[in-house]
Each structure stands twice: as structure tokens, then as C-alpha cells.
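This report describes selected features of one structure: a strand and its partners, a ligand shell and a helix crossing. The sequence and the model follow.

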Amino acid sequence: MTHRIAVIPGDGIGKEVMPEGVRALKAAAERFGIDLELEPFGFASCDYYAEHGQMLPDDWFEILEKFDAIFYGAVGWPETVPDHISLWGSLLQLRRRFDQYINLRPCRLLPGIQSPLAGRKPGDIDFYVVRENTEGEYSSVGGKMFEGTEREIVIQETVMTRHGTDRVLKFAYELAQSRPRKKLTSATKSNGIAITMPWWDERVSEMSGHYPDVTVDQFHIDILTANFVMHPDWFDVVVASNLFGDILSDLGPACTGTIGVAPSANINPEGTFPSLFEPVHGSAPDIAGKGIANPIGQIWSAAMMLEHLGYQEAAGAIVAAFEEVLSEGDVTLLTPDVGGHGTTESLGLAIAERIMR
Ligand code: NAI
Ligand code: MG
């Protein structure tokens, strides 16, 4: 069975880390006998915009729909294209039209990386944030009236549907069930947001009936953010609405050190449309062109993609490879953000070589 992967490097360091992501992917495919067909695309980048006046070709949906997954770098070059245009014109279109309703981010402290939380070592932080990615607080229901007058009002409604909520909860319960701790934490705010959030809690509790072996708890979002910092070891899988998940999915990886290693997946679990895998970081204009960006975020995203396609073992081999290179701590290989003086390529090559072993 051939898996077709669309490869979109995007802008800035996206173009530098993507070759290393592809190198890792190819190494894993070769070792585990996975048939991958990679097709590169230049659109969804500010270079494409400069040439065409838009971020995506008109038929992008028809082009990408046929792929089994999308492997993305990073988009954005604020010097030439404003961020709201580059992001809304590309990545956000893909996430919406392909109904990638799960945003999944592992938060794991890796060997050789200093957590900003004092005294934490690998093993202490190892959880997932599951964010609802299509509805909730980020709705287009609302409007403005009496603009520019004393009576000016703005309204933006939160939209939570049973369909939208239950499907993200189902994904989160199943993820929790697949992990040794089998623990799910729900982010709520049912004390203050007294209509939607008590309803969210009800859906969480109703769904728990289908997963008797998963332990569930819940925290209000304010104390939950504090607990991410104070007690990151409490968490296994954390599920949240779009807004709360947005906050937690930046805070979680931040607790594990450099942004350069964090991966993410935008998933359409039913496979009706392709899912999209990308590092958490952006195009990093400040270091772009220097060849020193950490490629691990991109490489770890490749592992998530292989896992999504059903290749657990290959995904595990990629993760084991970068963990090994990080724990050995050879400063000639590691990039500056993790204390080395190596390059994107030296680190990528070292990881690919371990994957093949
Ligand atoms: P950024 O993530 O690009 O950079 C933030 C800081 O982290 C910078 O100092 C950068 O040098 C460092 N950094 C990021 N990735 C790194 C890596 N792999 N290795 C070492 N250091 C790394 O975020 P920023 O500066 O806010 O945004 C820059 C551009 O990226 C903007 O156009 C923004 O819209 C876009 N962006 C795109 C995202 C995406 O494609 N999903 C996500 C975030 C931002
Ligand atoms: Mg965010």
C-alpha cells in the first residue's frame, strides 16, 4: 500500500527543517518497509504569494484532498506579507476545509533539554493536550453595531455542538485508554461560564460511561494553567475547548523547554480528509538562513504522521533516535537552542543515521 504525502515547506526555517523531516521519514520508511510517495509543493508560502498574489492556488482543495497526509513546515514572512494574510490564507484554510477537528500536542520533557521548571527531569512531564480545533469560542457568530459611537457594541458567541464536543471527547478518551496511566483531565470553567461549560462537563461525564477504565478529573482553566507549571506530573491526556486548548497547547510544550522540538498534529480522525503534521514553531525570521534551526519539531511531526498512518513501530524508532542523540549531548551535532554549535543538517543527519540502525 502506497501512502501519498504532500510536503509543504512554507517559509523561513520551514524550508530548512523540512529536508531533515523528510530525511527522517525516508530513513524510517526504508527500515520498516513503508511505501511512501512524497510530493513537494511550493504554495502556502509567502514566496508563492509574491508571485501569485494569493497564498494558495484556486484548486488547492482538489490537489491536496487526494493525499493521505500533509507534512507542513511553517508559514509566515511578516516583512513581505502580514501574518493574518499568510496564516488565514493557508494553514487555517487547510485545517478548516479538511475538518481537522483535533489539534494534538505531546508535551514531553526530552533528555538533554533543560525544562524552565526547576528540578524537572525526563519522565516527570509526559502528557498530551487535545484541543477542539473547529468551533467553541472561535466562532463567526456575532457582530458589531453602532460602530464608532457611544453605543458601540460587539458580540461574539461561543458555539458548542454535541457533534463537535462528543467527537473531540471520544478522541481524548481513546487516547487516554491507549496509554498506561489511562487518565483524562478536562479543562473547564463551569463556575464562571455558566451555560456552555457546565454542559461541556456533562458531555465529559456522559462519555466516561463508555470508557470505564479511564480515570477522569477536571480543573477550572485558571488553576489548570497553574498546575501545568506546579504539577506537570499530574497529567496524562488533557482535553479542552478551542480557546482553552489554544492556551494549554502553548503552555504545555513551553514547560518542556525549547520550542524547536515541539510537534503537533491537526487530525481528521475518520480519514475523510488528509490530516496535517507540523512543528509548533513558526518560520523564525530571526534565525532563518543561518542553518541553525532545530529540526526535531519537524522530525517528531514525521513520527506523529507515521503513527497516524498506522506505523507505531516506525514512529517509535524516530522518537528513540532523537532521544538518543539528545541524551548523548554531542555539542558538535546539537543546534544552539539546545546548547550545541552544530547545524540543522548535522543534527538531522545524526538522527537519520540512528533511525537506520
Ligand atoms: P517562531 O516560532 O517562528 O519563533 C519564536 C522564537 O523561537 C524565535 O526566537 C525563533 O528563533 C525561535 N525558534 C523557533 N523555532 C525554532 C527552531 N526550530 N530552532 C531554534 N529556534 C527556534 O514565532 P514568531 O517569531 O512569533 O513568528 C514568526 C513567523 O512565523 C510569523 O510570520 C508567524 O505568523 C509565523 N508562525 C507560523 C506558525 C505556523 O506555521 N504554524 C506558528 C507560529 C508562528
Ligand atoms: Mg496558539
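Two strands are taken to pair if DSSP finds at least two bridges between them; strands are DSSP runs of E with at least two residues, helices are runs of H or I with at least four, and both are numbered from the N terminus. The model is predicted, so that local features need pLDDT of at least 70 and side-chain atom pairs count only at pLDDT 80 or more, while totals for chains, interfaces and linings use all residues. Residues are numbered from 1 along each chain as its sequence is written, and chains are lettered from A and ligands numbered from 1 in the order in which they are written.

**Strand β3**

The table lists its pairings.

| Partner of β3 | Sense | Bridges | Opposite residues |
|---|---|---|---|
| β1 (residues 2-10) | parallel | 5 | V7 and F71 |
| β12 (residues 275-279) | parallel | 3 | L276 and I70 |

**Ligand 1**

Around ligand 1 there are 23 residues, of which G76, G260, H281, G282 and N294 come nearest; a residue counts here if its C-beta atom, placed from the backbone, lies within 6 Å. The shell comprises 12 nonpolar, 7 polar and 4 charged residues.

**Helices α1 and α10**

The axes of α1 (residues 14-32) and α10 (residues 296-308) come within 8 Å and cross at roughly 40 degrees.

Terms used:
Ala, Val, Leu, Ile, Met, Phe, Trp, Tyr, Cys and Pro count as nonpolar, Asp, Glu, Lys and Arg as charged, and the others, Gly among them, as polar. Axes are lines fitted to C-alpha atoms, for helices over the stretch in contact, and angles run from 0 to 180 degrees between N-to-C directions.
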